[in-house]
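Welcome, and please open your viewer. Let's walk through this model one selection at a time.

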Amino acid sequence: AYMERSKSLRRVVCLIDAATGITREDVQLWDTVQAAGRRLQVVLTKVDLCHSSDLHENVAEVIAAMQPLDPDLVWPFVHAVSANYDLGLRELRASLAADSAS
């Protein structure tokens, strides 16, 4: 109900463990966000724990799974981050700030 009522919610961020990949719960969240007419952003976390080929495969899986979603309600970038190594965090912060500035 919060997603439908909130006047200030601009984007819902779905964090996905890069080593695990997409879960059924992630897809259910995406459906809920879309049904509420909210914008979805996907962020792969813990990328430092993945081999580069596994990370590439997981990113491709995420992008493929997002294809049926309404493109107007999907943030156009899938971010990949590692808090341990400060990878991708600057870009993610800039992305998040893009909505807060408008």
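Start by selecting residues 24-35: this is helix 2, which lies across strand 1 and strand 2 and runs at about 170° to strand 1. Helices (H or I, at least four residues) and strands (E, at least two) are DSSP runs, numbered from the N terminus. Axes are lines fitted to C-alpha atoms, for helices over the stretch in contact (heavy atoms within 4.5 Å), and angles run from 0 to 180 degrees between N-to-C directions.

This is a predicted model, in which local features need pLDDT of at least 70 and side-chain atom pairs count only at pLDDT 80 or more, while totals for chains, interfaces and linings use all residues. Residues are numbered from 1 along each chain as its sequence is written, and side-chain values use heavy atoms, leaving out hydrogens and water.

Next, select residues 52-66. Here helix 3 lies across strand 1 and strand 2, at about 165° to strand 2.

Three strands form an open, parallel sheet in the order 1-2-3, where two strands pair if DSSP finds at least two bridges between them. Strand 1 (11-17) and strand 3 (79-80) are the edges, each pairing on one side only. Seven bridges join strand 1 to strand 2 (residues 39-45); pick Leu15 and you will find Val43 of strand 2 opposite.

Finally, show Lys46 and Asp17, whose side chains meet in a salt bridge at 3.5 Å, N to O (a side-chain nitrogen of Lys or Arg within 4 Å of a carboxyl oxygen of Asp or Glu). Lys46 sits in the loop between strand 2 and helix 3, 29 residues apart from Asp17 in strand 1.
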